[in-house]
Amino acid sequence: MAAIFFEHFVGKDAKVNDPDTVIFFRDHLTFLDEVISEEKKKMGLLDLAGQLKFKQEEFSKKQGIKLHGELTDRKGSEGICHSVIAESYALPGQLNVGSDSHTPHVGAVGCVAFGIGTTDVFNSWITKDVRVKVPESVRVVVRGKRKPNVSAKDFILLLLSMEYIRSGKALAKVIEYCGEAIEELSVDERATMTNMAAEIGGFTGIVAPDQKTVEFLMERRNMPRAEAEGFCKGMYSDPDAQYAHVIELDADAITPMVATPGDPGNGKYVRELNTPVPVEIAYGGTCTAGKNADMDMYAQVLAEALKQGKRVAESCKFYVQFGSQETREYCLQKGYLEIFKQAGAIVIEPSCGACINAGPGVSTRADQVVISAQNRNFPGRSGPGQLYLASPYTVAASAVAGYIVEYEPTAQRKLVVA
Ligand code: SF4
């Protein structure tokens, strides 16, 4: 749409302002043909999705814009936009805009990143500007140490269930995460919380760059330490900064969460579910939960299950989908692909897929229960089924049990027995 606007209003042969700072992705619809209904095919929607791809390819070539497209040797994408931007592009102190609501994902690296509409994208290609009013900030402090079966996803599901957030008071505000439990999270894990600033309705989410960010830039970008430290230096809020509101959580009081179907704000503790909830589909993937750190969690749970002679329950299908080729490569090197295969999980190449009702892992019946590590579960988002949101630990543990359970790490279980 932005390309069509540009050619129509600026000129067929006009050049985008600074094309080196623009990046295109083909990520949402890579697997659409596998799940689209015959009825929608007849309406021409699959052909339309294909035309988007051709228009994107043509415009990027003409303008000299980098396109992270579909793979040429097998089905799949190079990566989901947010995953690749986090791995390869975003830097502390940068301002990033994206035509997708989960653009705040890379706030985990310490840049200000927010979603914009097509008109703003088109305008930015002319002027390199976007017009915004500096928003107020909400400070979220997570103190203490989290339990070994709790992750960033549990923190954010708890936040989303709180009255201040549910009543919309954080809308359009910057959500700044800090505190010992946030400092302890990897950049990948922090990205789960900055990504889901979109579910809060915030302008963006951000974590001040620190030593973890320096390590991330060194490991994932091969950046020399001095250069990484230079990017991170001085990037924090003033000690006397004013906040619209401060939320404080104790990490050690938090146990695994789920959001029940219909809204990411329907959070409750797994242990508060009144009856066992059998699951037919478990899904671990998307920009929110297809990162290296998420794969560590799926692999940890499945490896422990295999040691106990268990695998994915007969009654459940467990799909694991990488956020990017870099994450797929990471899994290959760590031996995770073998663990996933032995445990009976179905591994899928990168794409948004089931998250947007456009790939394997979608539900097909209204009574079908799905547990997913994705970020939103609005009605119909991933098919007609009952979609619960949870952490990668909880999703994998539930896939093995066949119903929604908390993950119990082996070490913790031994401790209880002792
Ligand atoms: S994985 Fe889902 S939430 Fe993330 S960009 Fe794709 S459709 Fe959006």
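Predicted model: local features only at pLDDT ≥ 70, side-chain atom pairs only at ≥ 80, totals over all residues.

Student: How are α7 and α10 oriented relative to each other?
Tutor: Start with the axes of α7 (residues 152-160) and α10 (residues 187-195), which come within 8 Å and cross at roughly 20°. Angles under 35 degrees count as roughly parallel. So α7 and α10 are roughly parallel to each other.

Student: And what is the handedness of the crossing of α7 and α10?
Tutor: Look at who meets whom: on the α7 side there are Ala 152, Lys 153, Phe 155 and Ile 156, and on the α10 side Glu 189, Arg 190, Thr 192 and Met 193. By class, that contact has four nonpolar, one polar and three charged residues. As for the crossing of α7 and α10, the hand is right-handed.

Student: Now the sheet: which strands stand at the edges?
Tutor: Seven strands make up an open sheet with mixed pairing, ordered β10-β9-β15-β14-β11-β12-β13. An edge strand has a single partner, so one side of it is left without a neighbour in the sheet.

Student: In β13, which residue is the bridge partner of Gln 321?
Tutor: β12 (residues 317-321) pairs with β13 in the parallel sense, over three bridges. Gln 321 has its bridge partner in β13, and that is Ile 348.

Student: At about what angle does α18 run to β11?
Tutor: Helix α18 (residues 392-401) lies across several strands, including β9, β12 and β14. β11 (281-284) is also one of them, and α18 runs to β11 at about 145°.

Key
Residues numbered from 1 in each chain as written. Axes fitted to C-alpha atoms, helices over the stretch in contact; angles between N-to-C directions. Helix = DSSP H or I, 4+ residues; strand = E, 2+ residues; numbered from the N terminus. Parallel < 35°, antiparallel > 145°, perpendicular 65-115°, else oblique. Left-handed = near helix turned anticlockwise from the far one by under 90°. Contact = placed C-beta atoms within 7 Å. Nonpolar A, V, L, I, M, F, W, Y, C, P; charged D, E, K, R; others polar. Pairing = 2+ DSSP bridges.
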